[in-house]
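Please open the structure in your viewer and keep the selection panel at hand. The tour below moves from one selection to the next and says what is found at each stop.

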Amino acid sequence: MKILVTGGCGFIGSAFILQQLSLGRTVLNLDVLSYAGNPENLYSAACSPNYYFAHGDIGDRVLVSGLLQEFRPDAIVNFAAETHVDRSIVDPTPFFKTNANGTASLLVETLNWWKELPKAQRESFRFLHISTDEVFGSLSSGEAAFSEESPYRPRSPYSASKAAADFYVRSFHETYGLPTLITNCSNNYGPRQYPEKFIPLLIINALQGKRLPIYGNGTNMRDWLYVEDHCQAIDTVLTRSCPGETYNIGGNCEKSNLDIAYAVTGMLDEIKPRADGRSYSDQIAFVKDRPGHDFRYAINAEKIRRDFGWKPTHSLASGLHDTISWYLANDGWLETIQSRSYKDWYELNYAEPRFEDEK
């Protein structure tokens, strides 16, 4: 099986590529290498005869057309996206460009190439678009979890741009018959995640003796999904589902942000205790809430369990243990990340005046 992966140097994309290579599949990775696209995420794949890399943008239609003609993939899995809500609030333009317009351009070139394939190859081909639970909006504490039938109610520039991409993907199946698939996942965590995201930010700040910033009062709820479980679900949908389907992928692990902070600090207390003997939880500090902060996301993943028997295999404890252990063992990776634009972003987003006086 030959797979064109877009955005494969990012967190989830790189985990998926490593999984696919372990299965003996051939992967072409197209990545523009934005701030969160790190080739070191795929250091172990560099010498694989089944791994190829192309530097470029999914919105470059000439490039995409040429890659399709040359590589002739059996499937495309589209991870390419700007993903951080906070950044979308500061400047939504890159999100519209990549998430919405980029996906639309990728679809157009894929359709043009796909229409010329022999019938058998057209029927077996799949275009799988990776989306998010954030397109469904925000839940209150008592509402039922998001299902595949939940209406779209995006509330941030990021989620709006992903919703637009989902609609483009769905329309290309309904209008042209392109065999597309969509997955909507909950919050991922695991090794190699860019440290602007919540769990790696907690880990890294704790180890560096910094405050652990929690938005608002810490009661916002998320469903947490270990990245390896997510990749297994993606592979299941890619290889077993019918064109036009959508699947929600969740970790069945709904926790508040404050719950996660205490889980991370508790695990760090066990694995790498502070030199002064105190708990890392002493570093927890609240910061001013972000605009339009969605209160709760929750995923109903019954459909993928019912259709294919998939369910997450990692508990929060085992996933956090593996994640923290990876960051502790990979100082070089972290130094490379923090030498880029990350420090400037951190100072902008978590400047000292944003911290509240009380924990």
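This is a predicted model: local features need pLDDT of at least 70, side-chain atom pairs count only at pLDDT 80 or more; totals for chains, interfaces and linings use all residues.

Is Asp223 buried or exposed? Its relative accessible area is 3%, and because buried means under 20%, Asp223 counts as buried.

Draw one between the C-alpha atoms of Asp223 and Ala298, which are separated by 5.4 Å although the two residues are 75 residues apart along the chain. Draw the other from the side chain of Asp223 to the backbone of Gly251, where the backbone nitrogen of Gly251 lies 3.1 Å from a polar side-chain atom of Asp223.

Rolling a probe the size of a water molecule over the atoms shows where empty space is left. For cavities of 30 Å³ or more the count is one, and about 50 Å³ of space lies in the largest cavity. To see the lining of the largest cavity, select Arg170, His173, Glu174, Thr180, Leu181, Ile182, Gly244, Glu245 and Thr246. Helix α6 (157-176) and strand β6 (180-185) each supply at least two residues of this lining. Colouring the lining of the largest cavity by class gives two nonpolar, four polar and three charged residues.

The last stops concern backbone angles. Most residues other than glycine have a negative phi. Select Arg72, in the loop between α2 (61-71) and β4 (75-78), where phi is near 50°, a positive value in a residue that is not glycine. Arg72 counts as partly exposed, with a relative accessibility of 37%.

Then move to Arg192, which is placed in the loop between β7 (187-189) and α7 (198-207). Arg192 is not a glycine, yet its phi is positive, at about 70°. What is the relative accessible area of Arg192? The value is 12%, so Arg192 is classed as buried, whereas Arg72 is partly exposed.

Definitions and conventions: Residues are numbered from 1 along each chain as its sequence is written. Side-chain values use heavy atoms; hydrogens and water are left out. On a 1 Å grid over the protein atoms alone, a cavity is a set of points where a 1.4 Å probe fits but cannot get out, and a pocket is an open set with protein on both sides within 12 Å along at least five of seven lines; lining residues have an atom within 4 Å of a point. Grid points are joined across faces, edges and corners, and a volume is the space filled by probe spheres set on the points. Helices (H or I, at least four residues) and strands (E, at least two) are DSSP runs, numbered from the N terminus. Ala, Val, Leu, Ile, Met, Phe, Trp, Tyr, Cys and Pro count as nonpolar, Asp, Glu, Lys and Arg as charged, and the others, Gly among them, as polar. Buried means under 20% relative accessible area, exposed over 50%, partly exposed in between (1.4 Å probe, protein chains only). A polar contact is a pair of N or O atoms within 3.5 Å; within protein, one must be able to donate a hydrogen and the other to accept it, and residues adjacent in sequence count only if both atoms are side-chain atoms.
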